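Hi,

Here is the structure I promised to pass on. Have a look at it first, and then read my notes below.

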Amino acid sequence: MTKHTVSNFPFPALSLRRLGAGALLCCAVAAAPVRAADEAALNFVGADVESVIKAVGHYTNINFVIDPRVKGTITLVSEKSITKSQAFALLASALRLQGFAVVSGDGYAKVVPEAEAKLQSVPTQVGAGAGVKGDQIATQVFYLNYESSNNLLTVLRPLISPNNTINANPGNNTLVITDYADNLKRLGKIIAALDAPIAADMDVIPVRYAIASDLAAMVNKLTEPAGGAADAGRISVLADPRTNSLVLRAPSPARANLAKSLIAKLDQPTAQLGNVHVVYLKNADATKLALTLRAVMGSGDGAAGQSGGGTPAPTPAPTQGGTASTTNSAMGGQQGGGAALSQAPQALPAGGAAGFIQADVATNTLIITCSEPMYRNLRAVIDQLDVRRAQVYLESLIVEVTSAKASEFGVQWLGLSGDKNSSYRIGGLQSFSSGNNNIAALAAGAAKGGSAVQLPGGGLTLGVFKQINGALGLGALAHALESDGNANILSTPNMITLDNELATIQVGQNVPLLTGQTLVPGTSNASPFQTIERKDVGLTLKVRPQISEGGTIKMAIYHETSTVEKASLTAQSGLTLNKRVIENNVIADDGQIIVLGGLIEDTTNDNAEKVRGLGDIPLIGNLFKYQTRERKKTNLMIFLRPVVIRSKEQSSSLAADRYDYMRAAEEKAQPQTGNLMLRDLGAPQLQQLQDGHPAGSNMALRPLPLPPAARPAPAAPANATVPN
C-alpha cells in the first residue's frame, strides 16, 4: 500500500489518541478488499480535531493548512467504506458543525474559523457555476434580469449564515454572495424563481363604443385590491387616446381575464338618446378649454367646407382676451375667457348636424353637442389638454451689504479784543461749513445762557474760551469724529405658482408724497390746500415661469426694491425715493441658483477746508484746517432658485419644511414663564405636523387662557342636589 504524508505528520510525536486515530485509519484501509483499495471506513470518536484533519489529509493525499485557532475534539464515523472525495466532504461537514470552514486553494485546503473564511481567497464563480460543492466556502455572482437587487437583498439575507455575506450592486443589478457551496446552489434556485417579470400578461384591448380614458379610470377603481394590498397584485390599465384602446397589465392570467371581462361588459353601445355629452374636467379650466375647442372645430370646419365645395362654417366672433390672441408677457393680466358663456353656439357641419360646446363654470364641465365621431375626436383632444399642470416654487434672495466709514478733524477760532467801553474793538472768526459744530453759535448761546446753549454734535469736542465782561470773547474749538457702520440686509421672498401663470408678491408701505400746495388769497392764517399722492414703497416681485419639455424653466421676471431716503424726511421739497428695478427673461434648470443682477458701488469722498496761507504751513497748518473723509461700499445681488413641483409628495415636503421653520421661530419667540409680576397671557403657536397634517383637528392657533372670573364653573354631577 502506498505511503501518504499528511502535513508533516510526525508519527513518533503522536499522543495515544493521535496514534489510535492513525492506526484505526490504517487498519480500515488494510482491511478493505482488493476491489475497493481506494475506499476506507472512518472511525474517530472524540478525537483531536487537528489529528483527524491530518489523518484524512494523509488518506486523501490533500495538504491541509490548519489555523492555530482550530482546536477541540471531533467525532467522524462512517459505517461503510467511503472514497477519498467522500471522506473530504464528510470532514468538511463535520468541521462546519464545529464552527470551522474549509477553503480550497491551488493544491491545498485551509481550515479556518467560519467567520474568517469570507476573507480568504475563496473560489469565485459567476452565474450557475458548479466548481465548488458541498460544505466549502465560495463566492458566487448572480446577474438579475427583471427583479431589483436591492429587493432580493432583503429576501435572501435571512437565508445566509450569520458569518457570511451578501451584497447588492445596483449599478449592474447583481448580487454577490459568499457562503457554503450547497447553500449557494439552493440560493441560485430561489433567485431564478424570483427573478421573473412582474407582469405575467400584457395586452392591448381596442374600445369600440366607449371612451378609453373613461373606461381606464373606472376599471382601475373597480379592480383595486381591497385592504391596501401590495402593488405587485394590482391591475394597471392605461388609455391610449390616439387609438382609443386600453393597455392592460396584470400580475396573472386570471386577473387579466377578469379585467378583460369587465371591459367587454362596459364597452357596449350607449342607450342614451340624442348627442349631448357632459365631460367633467379634472385640471383644466372649462371656460378656457371651451374657447380652445371652438377654435379647433372652427378651423377644421372651414377646411372641410372649402374642400367639399360647400359654404364654409361661420368663424367664431372675436372675444376679448381669447386664448388665440393672448400674449405671454410676464406682467400681463390673466387670460380672458369670461365671454365664452355669452357666445352663440357654433355650427358644426358634421353630416349636416348642428352642435356646440358650452362651459359650465359652477361644475367645471363641458357640455358638448355633436355627432359620435366628432365627440370621439374632441375627447382625444380633451384628454391631452386636461392634465395636471406642474407648479414652480420660486425662492429669491436679495442680499445687500453696506459699509460706511467716515473721519473728520478740524479746529475753529474765535477772537475779540476790548470791552464795551472801547472805542475800537478787533475780532476774528475762523469757521468751516463742513463742521458739525459752529463756534460762533456755541459762543452766542453760551453768552445768553439757559436754554439757548447749543450742545455740540457727535465726536470729541474741546473748547478753550476767555470771558470778557461776562461774554465769551476769545476761544478755540477742536472737533474730531470717526464713524464705522455696516449693514447686512437679506430678504428671501418665496412663492409658488402654476406653470405659465403670473405670480406676484409685494411687501412694503404706502407712503404719501406731497405733490402740490396752494394758499387761498387774502387769508394769511388759513391752512394751505395740499394734494397728496401715495406710492407703494418696498419689495415687489413678479414672475411668470414656463416649464419646457426638457425640464428647463423660462422665466419673465420683474423685480423692484424701493426705500425712502432718511435724509429727506425733514426736507422742505418732500421725500426722496431710492428705487432699484430689474426686468429680464432668463432660463434656468430645476433647482439651479442663478443671479439676476446687482450693484457693486464703492464711493470715496475727501474734503478739506483751510485758511489760505496759514493752512499750508507744515504741521501747524492743521490748526487752520477742517478735513473730512468718507468711504461707502454697497454690494447688492439678487438671486433666484426655481424648483419644479410635479407631485403631491414634493409639495407636501416643501410645505412641511416651511411650516417647521416658522414653528421653530415661534418657539424661540415665546415669552418667558414664571414671572410673578406679569400674568401669562399665552402666545400663538402652530400645531405640530404629523404625516403632513396638524396634530390637532385644524391649524388653529393655541387659544388664549381665560381669566379666573371668565372661566366656566365645573358642571355638577348628575346626582348632585342643588340648594335652594
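I547 stands opposite I553 in β23. The strands involved are β22 (residues 529–547) and β23 (residues 553–564), which pair in the antiparallel sense over nine bridges. Strands here, like helices, are DSSP runs numbered from the N terminus (E, at least two residues, for strands; H or I, at least four residues, for helices), and two strands pair if DSSP finds at least two bridges between them.

Before I go on, some housekeeping: this is a predicted model, so to speak of local features I needed pLDDT of at least 70, and side-chain atom pairs count only at pLDDT 80 or more, while totals for chains, interfaces and linings use all residues. Residues are numbered from 1 along each chain as its sequence is written, and side-chain values use heavy atoms, with hydrogens and water left out.

Back to that sheet. Four strands make it up, open and antiparallel, in the order β21-β22-β23-β24. β21 (503–518) and β24 (577–588) are at the edges with a single partner strand each, so one side of each has no neighbour in the sheet. On average, neighbouring strands are turned by 20 degrees against each other, direction ignored. For angles in general, axes are lines fitted to C-alpha atoms (for helices, over the stretch in contact), and the angles run from 0 to 180 degrees between N-to-C directions.

There is also an open sheet of three strands, with mixed pairing and the order β2-β5-β4. Its edge strands are β2 (63–66) and β4 (100–104), each pairing on one side only, and the twist averages 25 degrees from one strand to the next. β2 pairs with β5 (residues 108–113) in the parallel sense over four bridges, and F64 is found opposite A109 in β5.

Two helices lie across this sheet. α2 (residues 49–60) lies across β2 and β5 and runs at about 160 degrees to β2. α3 (residues 84–97) lies across β2, β4 and β5, at about 140 degrees to β4.

Next, the cores. A nonpolar core here is a set of buried Ala, Val, Leu, Ile, Met, Phe, Trp, Tyr and Cys residues joined through side-chain atoms within 4.5 Å; buried means under 20% relative accessible area, exposed over 50%, and partly exposed in between (1.4 Å probe, protein chains only). The largest nonpolar core has 25 residues, of which V52, I53, L76, L91, L95 and V111 touch the most other members. The elements giving two or more residues to this core are β1 (43–48), α2, β3 (73–77), α3, β4 and β5. Leaving aside its neighbours within four places in sequence, L95 is in contact (heavy atoms within 4.5 Å) with V49, I53, I74, F100, V102 and V111. A second, separate core has 23 residues, including I398, L539, I582 and A588.

Then two helix pairs. The axes of α7 (residues 212–222) and α8 (residues 253–266) come within 11 Å and cross at roughly 135 degrees, which makes α7 oblique to α8. L215, M218, V219 and L222 of α7 make the contact with L262, I263 and L266 of α8.

For α5 (residues 149–156) and α6 (residues 181–194), the axes come within 12 Å and cross at roughly 135 degrees, which makes α5 oblique to α6. This crossing of α5 and α6 is right-handed. Here L152, V155 and L156 in α5 meet L187, I190, I191 and L194 in α6.

Finally, a few single residues. G475 is in strand β19 (residues 471–491) and counts as buried at 5% relative accessibility.

Most residues other than glycine have a negative phi. N61, in the loop between α2 and β2, has a positive phi near 60 degrees and counts as exposed at 57% relative accessibility. N364 also has a positive phi, of about 55 degrees; its place is in the loop between β14 (356–360) and β15 (365–369), and N364 is partly exposed, with a relative accessible area of 22%.

Cheers

Terms used:
Parallel < 35°, antiparallel > 145°, perpendicular 65-115°, else oblique. Left-handed = near helix turned anticlockwise from the far one by under 90°.
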